[in-house]
Structures are given as C-alpha cells and as structure tokens.
Amino acid sequence: MPLLLLDLDNTLLDRAGPFRRWGERFLDGIGAPHTDIDWLVSIDADGLTDRWDLADAIRDRYELRIPSIDLVEELHDGVVAQTRLDPLTACALRIADDAGWVPVVVCNGTVRVEDAKIRQTGLDRYVADWVISEEAGVSKPNPRIFALAAQRVRMPLRGAWVVGDSPEADIGGAAAVGLPSVWLHRGRTWSDVRFAPSHTVDGLIAAVATVLAR
C-alpha cells in the first residue's frame, strides 16, 4: 500500500478560480473597475504573495479605511467560501484508494485556511490524512514534511509518489527526498534545470492515472 502524497491548492482543489471569483465580488463591492481583476490576480501571484502584503496593496490602491487585519480575514474566508471539490477529483481519489494507494495531503500554508478547505469541501472523506506546514513546523520542499506525512499514517516513504503543481515545492521536494513525481503544468513549460518531474500532465485525473499505470 504505497503513499500518494498530494499538494492541495491547484492540485486537489482549484485555487485560481475561487480567488478570481472572490476578487470579482470584492471589487464590485468597493466600486472598482471590473478590469482591475487582472491587477488583483497578478499581485496575488497565484497565492505566493503574503496575505498581509496583499491586503496592504489593496488598501493603498483603493484608499480603503478597512484595517489590514480585517482585509486579511476577508481574503482567507472569502476564498475558502468559494472553494469546491470537483466530483471527478473525488472519484479519482476513490479509485486510487481502491487500487491500494493511500492519499495524503502535504501542503504549505496556515492551519486555519488549509484545514478549512479540506473539511468544508468534503475532501477529508477521500484522503487518509493531511500535513500542513504551519502545524508541522517545516514546509515543502524540505524532505522532513514528506517524512512527517508518512509518519502520520504509519507508512514508509519507500514507493511513494508526489503529485503537485509547484516546481519548487512539490517537484523539488520530491527530488530532495528521492521520490518520483507528477507535475501539473497548468499551461506552463518546465524550465528548472536543477531537477525535473518524472511525468508532466494537465490535471489531477491524469496524474492519478499516470501513477496507477506504474
């Protein structure tokens, strides 16, 4: 029963779509031009921008009086509220489980936000467990977080696969721990010369199919 170590945002759960939907509603609420959604998506940098920095950028651009902490809360809760579990993803996880694989989520982020996404979408019913960097005290690509995930379900890392969309965190992490990997390219071209994924696919369904075929 090998481990299937899975990223969360933009791997198991779409993040780009929920953030854009939240952003459109937020901008409409403050009377900002609809075209500003492109600026907001750009400054968010696919979730890599610190939430406090993003909140400050929004406040400065629109001269908002709302406290930064309230805007950070809105950023967290608003995106979580827009997040849904794709039924096809749930089906793929069930198929992997039936085939003897043990799906475990390994993600970077805060416990409050990532745990809420997993539970509120119902993803928790399709994975054996999850490890979040804030709680673990270590983040991807550090090999220790993958070892902690294996310990959480009392299984060895040997034979595990890593699936994710981040070149550095997921594929770099897999390379650091010596595991095969599947990269979700999301329309991008691989460019890192330090390491490379074992396979490249366009989505979670194809990633699971690739792993099961091995």
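Domain bounds here come from an automatic or database domain assignment. On that basis the protein splits into domain 1 (3-14 + 85-213) and domain 2 (15-82). This is a predicted model, where local features need pLDDT of at least 70, side-chain atom pairs count only at pLDDT 80 or more, and totals for chains, interfaces and linings use all residues. Residues are numbered from 1 along each chain as its sequence is written, and side-chain values use heavy atoms, with hydrogens and water left out.

**The two domains**
- The C-alpha centres of domain 1 and domain 2 sit 26 Å apart.
- Ten residues of domain 1 are in contact with nine residues of domain 2, contact being heavy atoms within 4.5 Å.
- About 820 Å² is buried between domain 1 and domain 2, with carbon and sulfur atoms giving 45% of that area. Buried area is the accessible area (1.4 Å probe) that two parts lose on being put together, summed over both.

**Helix H5**
- Helices (H or I, at least four residues) and strands (E, at least two) are DSSP runs, numbered from the N terminus.
- The end C-alpha atoms of H5 (residues 87-98) are 16 Å apart, which agrees with the 16 Å that its twelve residues should span at 1.5 Å a residue. The expected span is 1.5 Å times one less than the number of residues.
- Thr89, Ala90, Ala92, Leu93 and Ala96 are the buried residues of H5. They cover an arc of only 160° around the axis, so they are on the same side of H5; that arc is taken from the directions from the helix axis to the C-beta atoms.
- Buried means under 20% relative accessible area, exposed over 50%, and partly exposed in between (1.4 Å probe, protein chains only).
- Turned away from that buried side, the other face of H5 carries exposed Pro87, Leu88 and Asp98.
- Strand S1 (3-6), strand S2 (102-107) and helix H10 (204-213) are what the buried residues of H5 pack against.
- Just after H5 comes glycine 100, with a positive phi of about 100°.

**Helix H9**
- In H9 (residues 167-177), the buried set is Ala169, Asp170, Ile171, Gly172, Gly173 and Ala174.
- Helix H8 (143-152), strand S4 (161-164) and S5 are among the elements covering those residues.
- Glycine 178 follows H9 and has a positive phi, near 80°.

**Glycine 187**
- Look for glycine 187 in the loop between strand S5 (181-184) and strand S6 (199-201).
- Glycine 187 counts as exposed because its relative accessibility is 65%.
- From glycine 187 to glutamate 135 is 52 residues in sequence and 31 Å in space, C-alpha to C-alpha.
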